[in-house]
Amino acid sequence: MSRLAVVTAGLSEPSSTRLLADLLADATVAQLGPDTVVDVIELRPLAHDLANAFATGFPAGELPAAIEKVASADGLIAVTPVFSASYSGLFKMFFDVLDSGALEGVPVLVAATAGTARHSLVLDHAMRPMFSYLKAVVVPTGVFAASEDWGSGGSVVGELATRIERAAGQLAALVSGRPAGRRTDPFEDVVDFETLLNS
Amino acid sequence: MEFGIFTVGDLTTDPTNGATPTEHERIRNTVAIARKAEEVGLDVFATGQHHNPPFIPSAPTTTLAYIGAQTSRIKLSTSTTLITTTDPVRIAEDYATLQHLVDGRMDLMMGRGNTGPVYPWFGKDIRQGLPLAIEHYALLHRLWREENVDWQGRFRTPLQGFTSVPRPLDGNPPFVWHGSIRSPEIAEQAAYYGDGFFANHIFWPASHTERMIGLYRRRFEHYGHGTAAQAIVGLGGQAFIRRNSQDAVREFRPYFDNAPVYGHGPSLEEFTAQTPLTVGSPQQVIERTLGFREYVGDYQRQLFLMDHAGLPQKTVLEQLDLLGEVVESLRPQFEALRPADVPSDPPAHGSPLSAAPVEAAPAEVRS
């Protein structure tokens, strides 16, 4: 059984960002099997807690549970709308409050939505470098959906469906190939003091 | 059990009237606060150490010695002594001198400090904060226990046949706490030496403090200093008290909303739910404080932050009167709940615990 976390920074209701996140999650679960646990983390309801975390230095409210879901996941799907030629500020705030190392070695599928295809490089110029910094393993295919990629009624047309399938397949392959139990607990797996003293 | 106050020593504008004390006023006020703490029956006054505005306590032993001369009973301590950027030789000398001047009525708490620019001013690098804390303290520990120290490390010029003077009073090194907000390594360090561990507590949720103290207690027992329940634990706390809780909330809110550390973020109500901050009546502070032991176990020292965020001196002194009442009520309640084999107080100069043999003298650090 794998755990998949889906972080979506869409703001409207309904949200094309959330729609793309769900399509990616469904396509990944189809590859990994029906016992896959999917946790969807909508960032809009966390906006207040995220701002507070910046002011106080610690996560509170609903935020710790959301962070734990992402930090304990075997794979991550991260989807943001494009704001001012990059990921949204809300999207970045969430990844700013993760503990360093929380995503180390974690397979991540990056995806973004925008009104126009002219923003599509946000995947490779903004999202990919951020996840590289976080030492995540970003799958080769990123998924970008502009307005023109959505058919009427939110159905997926043409190339977008193909990219979703390809990206989900790449994520599923990395997730299923990972050893279980990647996390260490700094309070349980304490580094012996003699080691600290002599390091 | 010891109760007291700890001060950051911030020079903050009062958000309700725009008044900012001068450095001179703040330093004199700090002395008055310490004297008031003794007058209302508190056991400990601790000052921070900072080397940048808007803080005033850059020379803590000077201030503590001055307070020591004007008081007779209250124990003087730090919150914290910067073990990273302060030469451990100077800490050994300064605090041993203080120990002699106040006849042992002191201890101190090690901390790293978290402000990047301060480190290079003292020739250090914040990215080495943890190794600095570990190496510097290992040296300090030896300087107070050995004469003619030969030492070589990564961060300080070597010592050859060095004797730190004055020697600790009666051969008893001051008791040391290690303070930390979020580093398990510091809890491990405190446990290794059998020193006290102080959880800041006030800037993070209780669940985090519980894990830090749990780690310290477990490792304290692992290193053979006693049972986990006997480990020496201190906690921070923060309160604003008025007879009537609505008055407390109304009066404290502007200071909370504009506080340098957490202002402009969560509401007062959110923050009091998430952290130990209690704004209310004496009874509310009593009940909240008694609740701390439910997640950290029976502990030995409780310090409150009372004089920050631009609160006027008059208000702070009134707060200390009320805190004195709170503590008077807390003392018997804490002791009634404490098992017989768990010490009430941390080791003090001349107390039996302070004479315990030093088992965990670390090997010389080699780079």
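In this predicted model, the axes of H5(B) and H6(B) come within 11 Å and cross at roughly 15°. Axes are lines fitted to C-alpha atoms, for helices over the stretch in contact, and angles run from 0 to 180 degrees between N-to-C directions. The crossing angle therefore makes H5(B) roughly parallel to H6(B). Angles under 35 degrees count as roughly parallel, over 145 as roughly antiparallel, 65 to 115 as roughly perpendicular and the rest as oblique. Helices (H or I, at least four residues) are DSSP runs, as are strands (E, at least two), and they are numbered from the N terminus.

H5(B) passes H6(B) in a right-handed crossing. A crossing is right-handed if the near helix is turned clockwise from the far one by less than a right angle, and left-handed if anticlockwise. On H5(B), B:Leu130, B:Ala133, B:Ile134, B:Tyr137 and B:His141 meet B:Glu185, B:Ile186, B:Gln189 and B:Tyr193 of H6(B). Contact here requires C-beta atoms, placed from the backbone, within 7 Å. The contact of H5(B) with H6(B) has six nonpolar, two polar and one charged residues. Ala, Val, Leu, Ile, Met, Phe, Trp, Tyr, Cys and Pro count as nonpolar, Asp, Glu, Lys and Arg as charged, and the others, Gly among them, as polar.

H6(B), residues 184–193, also packs with helix H7 of chain B, residues 206–222, at an angle of about 30°, with their axes 8 Å apart. H6(B) and H7(B) are therefore roughly parallel to each other, and H6(B) passes H7(B) in a right-handed crossing. Among the residues making this contact are B:Ala187, B:Ala190 and B:Ala191 of H6(B) and B:Tyr216 of H7(B). The contact of H6(B) with H7(B) divides into eight nonpolar, no polar and two charged residues.

Which residues touch the most other members of the largest nonpolar core? Of its 93 residues, they are B:Phe45 and B:Tyr216. A nonpolar core is a set of buried Ala, Val, Leu, Ile, Met, Phe, Trp, Tyr and Cys residues joined through C-beta atoms within 7 Å. A residue is buried if 20 or more other C-beta atoms lie within 10 Å of its own, exposed if 12 or fewer, and partly exposed in between. The largest share of this core, eight residues, comes from helix H5 (residues 129–143) of chain B. Not counting residues up to four places away in sequence, B:Tyr216 touches B:Ala187, B:Ala190, B:Ala191, B:Phe197 and B:Ala231. A second, separate core of 55 residues includes A:Ala27, A:Val82, A:Leu109 and A:Ala167.

In chain A, the axes of helix H1 (residues 16–32) and helix H6 (residues 159–176) come within 8 Å and cross at roughly 50°. That makes H1(A) oblique to H6(A). Their crossing is right-handed. The contact includes A:Ala27 of H1(A) and A:Ala167 of H6(A).

The contact between the chains takes 14 residues from chain A and 21 residues from chain B. The largest share of the side of chain A that touches chain B, four residues, comes from H2(A). By class, this side of chain A has 11 nonpolar, three polar and no charged residues.

Residues are numbered from 1 along each chain as its sequence is written, while chains are lettered from A and ligands numbered from 1 in the order in which they are written. In this predicted model, local features need pLDDT of at least 70, side-chain atom pairs count only at pLDDT 80 or more, and totals for chains, interfaces and linings use all residues.

Methods
Two residues are in contact if their C-beta atoms, placed from the backbone, lie within 7 Å.
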